[in-house]
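Let's take a look at a protein chain together. Have the sequence and the 3D view open as you read.

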Amino acid sequence: MRKLLLTCFLVPSLTVFTAFFVLPVALLVPQSLDTPVGWGIYAQVVTNSRYWGSLVDTVLLSLVVTAVALVIGGVAALFLERNRFPGRDLLVSLLTLPLSFPGVVVGFMVIMLAGRQGLIGQATNAIFGSRVVFAYSVAGLFLGYLYFSIPRVVTTVMAAAGKLDIAQEEAARTLGASAWRTLVDVTIPAMVPALVSTGAICFATSIGAFGTAFTLATEINVLPIVIYTEFTLSANIATAAMLSVVLGFVTWLTLFLAHVLSGAETTGGGA
């Protein structure tokens, strides 16, 4: 009976793992090696300034988005979890609404806000006589990525904050700790595993997001757009496959390290 139950759980997991990880990698890697240089094509990630620059820009942008989302979403989540007020449930639902939006919709919303005919452009033109337009730059992409990253942080941190032992915070205040010291020394350390895991998800989502970048990609050189360009415009299948493998490896490495770190924090917290 136990073996039957184990099989029932393992088969779906192995099926998903094979379909969404093993098969794509098994197809991409041979495609990337279908060149005279073989494995040497992966050196282009470093030697080609365009590829290297897009990788660095993509990673840095995703890191900044993740850091800002953790701060804003973490503060909002902690406040919402610890306070009850009229309209709270409506506010939580509105904060998590962007999770249902595809990237193209998010990009269009950024254009409506900071595009040439956007709200910010019209307001600055009326006040200063010139339009402030940043929807089609890295700043616009940052805003779009941040928009769909904050809800992920809010939902995860709210769940983690709801499981915290309030007695530890009360003990800290009883011993004379200020609200700030209690937050820094007690609350945040207790939520580190949740922050690390949701931060990794935000990073992975940002580094691989295509729809928003495609909608705004006028002055943007992030890796998903470079892969799309190499595949569609240049018909450079091997390079597109190679860059896809690199992007997937960076994403997997981030998630793996986050899993290890969050597990280590959990073990350390219980020791």
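Start at Phe256: this residue is partly exposed, with a relative accessibility of 39% (partly exposed sits between buried, under 20% relative accessible area, and exposed, over 50%, using a 1.4 Å probe and protein chains only). Before going on, note that this is a predicted model, where local features need pLDDT of at least 70 and side-chain atom pairs count only at pLDDT 80 or more, while totals for chains, interfaces and linings use all residues. Residues are numbered from 1 along each chain as its sequence is written, and side-chain values use heavy atoms, with hydrogens and water left out.

**Aromatic rings**

Rings of Phe, Tyr and Trp (its six-membered ring) pair if their centres lie within 6.5 Å; planes under 30 degrees apart are stacked, over 60 edge-to-face, and the rest tilted. By this rule there are eight aromatic pairs. One of them is Trp252 with Phe256, a stacked pair with 5.4 Å from centre to centre and 15° between the planes. Both residues belong to helix H13 (residues 237-270), and they sit four residues apart, about one turn of the helix. Elsewhere, Phe210, Phe214 and Tyr228 make up one aromatic cluster.

**A look at Arg88**

Is Arg88 buried or exposed? It's buried, at 11% relative accessible area.

| Residue | Relative accessible area | Class |
|---|---|---|
| Arg88 | 11% | buried |
| Trp252 | 43% | partly exposed |
| Phe256 | 39% | partly exposed |

Arg88 is part of helix H4 (residues 88-96). What does its side chain reach? The backbone oxygen of Leu80, at 2.6 Å. If you skip neighbours within four places in sequence, Arg88 has contacts (heavy atoms within 4.5 Å) with Leu80, Glu81, Asn83 and Met158.

**The whole chain**

Zooming out, you'll find 13 helices and zero strands (DSSP runs: H or I of at least four residues for helices, E of at least two for strands, numbered from the N terminus). The C-alpha atoms fill a box of roughly 70 × 70 × 35 Å along the principal axes. Of the 271 residues in the chain, 34% are buried. Among contacts with a separation of 6 or more, 69% link residues 24 or more positions apart.

What about the surface? The chain exposes about 15,400 Å², and carbon and sulfur atoms supply 72% of that (areas by the Shrake-Rupley method with a 1.4 Å probe; for residues, only the protein chains shown count as cover).

Conventions:
A polar contact is a pair of N or O atoms within 3.5 Å; within protein, one must be able to donate a hydrogen and the other to accept it, and residues adjacent in sequence count only if both atoms are side-chain atoms.
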